Amino acid sequence: MIRRTQQIRKRILETLLCAQGYAVPEETLRSYVDDFERPPTTDDEWAADIKFLSDPPAPRMVKVPAAMDDKLIQWTITEAGRALLASL
Amino acid sequence: MQDKEVRSDAKLKNLRPEMLETLWRLRYPEEDGEKLTLEAIAVALPKLVGFSASLSSLSDFFKWLRFKRRMEASAATAAQARLELAKDPNLDPADIERAAQAVFTAEMLEAGNVRAYVALAKLRLAGQQVDLDRRRIELLERKASQADQANEVVNSELGDGEARDRLKTIFRMG
């Protein structure tokens with residue numbers, strides 16, 4: 001279970017790192033993670049990992065508002081996220 | 001065994017860009033190339049990169065590489081948009097950044113997010129509407145100005161011929 005949680009967090013950060021500084025829509029992020037994880041992430045699992053990675057005081061990823069759609073949630077990796085990814 | 005797989009997975013992802021391209025082309029060749037199976041790539045791998053990887057690691061790696069390439073293509077499109085937008089002196093850097101991010105997002109969502117595309121289309125339409133309104137106002141202003149000038153001519157003491165010529169000039173006739 002711990003390994004799966006770690007793996008999901010790693011995949012999330014890995015995806016954000018590939019985005020070259022742009023923010024990634026959350027559904028793209030989840031669809032990527034679910035492409036690898038079997039079974040796919042549950043809503044609870046996803047919410048817990050997103051919370052863990054975005055919680056202060058040193059969030060590993062932060063929300064970026066979408067100019068074209070205020071309902072769209074997008075994330076970008078922080079320095080703390082890069083550091084965590086390197087350690088996973 | 002699991003640790004070994006994790007290590008080969010990480011090693012594959014950290015290969016130089018040229019080697020990533022080589023491996024991608026083995027799996028997804030250009031038009032006439034021969035597509036290699038994962039098994040064939042696993043056999044060729046030690047010679048190419050100096051280490052081996054399991055089939056499951058290779059399968060994960062190619063999924064990751066496909067996604068990474070898609071991200072890079074989206075980022076390249078956004079960068080192109082940023083360059084184009086930078087030519088417009090009326091846009092400030094923050095506007096350009098927002099627009100580039102919107103392009104990246106739309107590119108990333110190409111695989112079926114209708115809502116984002118609808119939002120983007122609405123944004124474009126709103127832009128077009130603003131442009132249309134601006135042109136309509138310019139037209140109305142021009143017509144109002146022509147009417148004022150014509151009014152001045154009609155109420156002036158100019159002779160018929162001269163007045164007709166002035167009116168033609170105002171309305172750009174003949």
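## Helix α3 of chain B

Helix α3 of chain B covers residues 38–49. Its twelve residues reach 15 Å from the first C-alpha to the last, close to the 16 Å expected at 1.5 Å a residue. Just after α3(B) comes Gly50(B), which takes a positive phi of about 90°. The model described in this report is a predicted one.

## Chain B as a whole

The secondary structure of chain B consists of seven helices and zero strands. Along the sequence, the elements follow the pattern α-α-α-α-α-α-α. Chain B has 174 residues, of which 13% count as buried. Among its contacts between residues at least 6 apart in sequence, 43% join residues at least 24 apart.

## Helices α4 and α5 of chain B

In chain B, helix α4 (residues 55–86) meets helix α5 (residues 93–108), and their axes come within 8 Å and cross at roughly 150°. An angle over 145 degrees counts as roughly antiparallel, and α4(B) is therefore roughly antiparallel to α5(B). The crossing of these two helices is right-handed.

On the side of α4(B), the contact is made by Ser74(B), Ala75(B), Thr77(B), Ala78(B), Ala81(B), Arg82(B), Leu85(B) and Ala86(B). On the side of α5(B), the residues are Ile96(B), Ala99(B), Ala100(B), Val103(B), Phe104(B), Glu107(B) and Met108(B). By class, this contact has eleven nonpolar, two polar and two charged residues.

## Helix α1 of chain A

The 17 residues of α1(A) should span 24 Å at 1.5 Å a residue, and the end C-alpha atoms of this helix are 24 Å apart, which agrees. The buried residues of α1(A) are Ile8(A), Arg9(A), Arg11(A), Ile12(A), Leu13(A), Thr15(A), Leu16(A) and Cys18(A). An α-helix has 3.6 residues a turn, so residues three or four places apart point the same way. After α1(A) comes Gln20(A), whose phi is positive, near 55°.

## Helices α1 and α2 of chain A

Helix α1 (residues 2–18) of chain A packs against helix α2 (residues 26–36) of chain A at an angle of about 130°, with the axes 10 Å apart. The two helices, α1(A) and α2(A), are therefore oblique to each other. Their crossing is right-handed.

From α1(A), the contact is made by Ile8(A), Arg11(A), Ile12(A) and Thr15(A). From α2(A), it is made by Leu29(A), Tyr32(A), Val33(A) and Phe36(A). The residues of this contact divide into six nonpolar, one polar and one charged. Ile8(A), Arg11(A), Ile12(A) and Thr15(A), which α1(A) brings to the contact, are among the buried residues of that helix.

## Where chain A touches chain B

Between the chains, 18 residues of chain A are in contact with 20 residues of chain B. On the side of chain A that touches chain B, β1 (24–25) and α2 each supply at least two residues. Helix α2(A) gives the most to this side, with five residues. By class, the side of chain A that touches chain B has twelve nonpolar, three polar and three charged residues.

## Pro25 of chain A

Pro25(A) lies in strand β1 of chain A. This residue counts as buried because it has 22 C-beta neighbours inside 10 Å, where 20 or more are required. Leaving aside neighbours within four places in sequence, Pro25(A) is in contact with Leu72(A) and Gln74(A), and also with Thr105(B), Met108(B) and Leu109(B). The C-alpha atoms of Pro25(A) and Trp75(A) are separated by 6.5 Å, although these residues are 50 residues apart along the chain. Met108(B), one of the contacts of Pro25(A), is also one of the residues that α5(B) brings to its contact with α4(B).

Note on methods
Residues numbered from 1 in each chain as written. Chains lettered and ligands numbered in written order. Predicted model: local features only at pLDDT ≥ 70, side-chain atom pairs only at ≥ 80, totals over all residues. Axes fitted to C-alpha atoms, helices over the stretch in contact; angles between N-to-C directions. Helix = DSSP H or I, 4+ residues; strand = E, 2+ residues; numbered from the N terminus. Parallel < 35°, antiparallel > 145°, perpendicular 65-115°, else oblique. Left-handed = near helix turned anticlockwise from the far one by under 90°. Contact = placed C-beta atoms within 7 Å. Nonpolar A, V, L, I, M, F, W, Y, C, P; charged D, E, K, R; others polar. Buried ≥ 20, exposed ≤ 12 C-beta atoms within 10 Å, placed from the backbone. Expected span 1.5 Å × (residues − 1).
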